[in-house]
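Open the model in your viewer and keep the selection tool ready.

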Amino acid sequence: MLLEFTIKNYLSFANEVCFSMVAANTVKENENDGDSLQNVWKSEDGKQRLLKAAAIYGPNGSGKSSLIIGMADYRTMILSSFKDEDVVRGISRKFFRFSSESCKEPVSMQMIFMINQIRYRLGFQLHEGKVVTEWLYMIAPDSMRESYCYKRIGDKITINTRTFKGASGLPQKTRDDSLFISTCAQYNVSISQEIKNWFNESFNILSGLDDTLHYTAGVFMSDENIRKNILSIMNIVDNNIKSIDVTDTPVDSSVVPTGQISVLTEILNKIKTKDNNAELRKIEVSTLHDVYADEEITGKAKLLLGDESLGTIRLFSLLGPWFDTLKKGGTIIIDEFGASLHTQLSIELLKLFYNLYNPHCAQLIFSTHDTNILRKELLRRDQVWFTEKDSHGVSDLYSLVEYKINQATSVRNDASFGKDYLTGRYGAIPYFGNIEKFIRDYGKEE
């Protein structure tokens, strides 16, 4: 479960900002034990309260995607910096560009997350293609005190052998362009492997369709419960779709045109075998519709998913990761959630995360422009985040619960969030300059 993500000097975030999934102590709505839908997950001892979902709003170019890209880069650092020397080099170049001083400062990232009731705080700083600092702290379930696992400054790595066992001799094997946590995972250090596995399997980021169509096809074929859930949602949304058929066949790559090899993805077989050398396979998804003669059903017609509407394609692509996250727990992050989906459908999908049958605290984080979701019965004030960019190109990130109207008054829990946002009451809305004059004058010169 994700608790916090902090970045500094990364893309448009010149200053340090912190995104949090920890429920605010001052907000109590939508978490009563008797409700059928609860926005907050609570630990058994009641000491930990985490949000099941959060939404990020803001105009185009304000930093929403930059925040999500930052989470993706953080994940890549843990999973790939040991084996890919270009990872650190590439991310260290993403410093804030619109200041003459920022190029001299490191890119900084830190995330606090919880795995099997153990709270970890893992962070690092990158500069000019090297890891300049790195740290890992933890809090055990039976403790209130944070203990360090290791600390790194330059090429000096100090290990706490009491909490971080099995890493002896690995500082000498850690390159300056690789995270120590990534190196330790490669050498089977238990805590490092557990963290790496969590980011690989339970921390997923979606942007556009990506490869989720093929992922959904994979879980559709391999998981009966998820298949039933996908079929139910697809039929509810479009009752003309009576069933879905997925075929998986091997492909001889020697007869496939070069430009199509990337389309015939290996994703399905990798899901099954975790084998990076998996054979190339072709996945074909079709929908089945009734065929009528007058008013009688006379058979079935098969339609390739690519011939369905864009909304239908996007919905099917989304549902695999969606139900997989709900089933196993973890965090799913979606850039531009709701694109090509009806608002009411987006709302109902969001409610699945609030359902009582989300015992593992599966979390949803999404950016969106859909203000119809911005309502108090769906999102608490601590679940709503805004990004805003100033005249110097610097993005800010803030939540509705901490926002002060006129720098004095907090937002009330019974406010009309969506309406007030569109009127500029919370900031983070687009400024179009004199667009009315542009519209009036458009075409006159022609």
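A crossing is left-handed if the near helix is turned anticlockwise from the far one by less than a right angle, and right-handed if clockwise. Helices (H or I, at least four residues) and strands (E, at least two) are DSSP runs, numbered from the N terminus. This is a predicted model: local features need pLDDT of at least 70, side-chain atom pairs count only at pLDDT 80 or more, and totals for chains, interfaces and linings use all residues. Residues are numbered from 1 along each chain as its sequence is written, and side-chain values use heavy atoms, without hydrogens and water.

**Stop one: the helix pair**

Select α5 (residues 212–222) and α8 (residues 310–328). Their axes come within 7 Å and cross at roughly 60°. Axes are lines fitted to C-alpha atoms, for helices over the stretch in contact; angles run from 0 to 180 degrees between N-to-C directions. α5 is therefore oblique to α8 (under 35 degrees is roughly parallel, over 145 roughly antiparallel, 65 to 115 roughly perpendicular, the rest oblique). The crossing is left-handed.

Now show side chains. Residues of α5 including Tyr-215 and Phe-220 meet residues of α8, among them Phe-316 and Asp-324. Contact means heavy atoms within 4.5 Å.

**Stop two: the sheet**

Select the seven strands of the open sheet, ordered β2-β1-β6-β7-β8-β9-β10. Pairing is antiparallel (two strands pair if DSSP finds at least two bridges between them). β2 (17–20) and β10 (156–159) are the edges, each with a single partner strand, so one side of each lacks a neighbour in the sheet. Twist averages 10° from one strand to the next.

Zoom to β1 (residues 2–8) and β6 (residues 107–115), joined over six bridges. Thr-6 stands opposite Gln-110 in β6.
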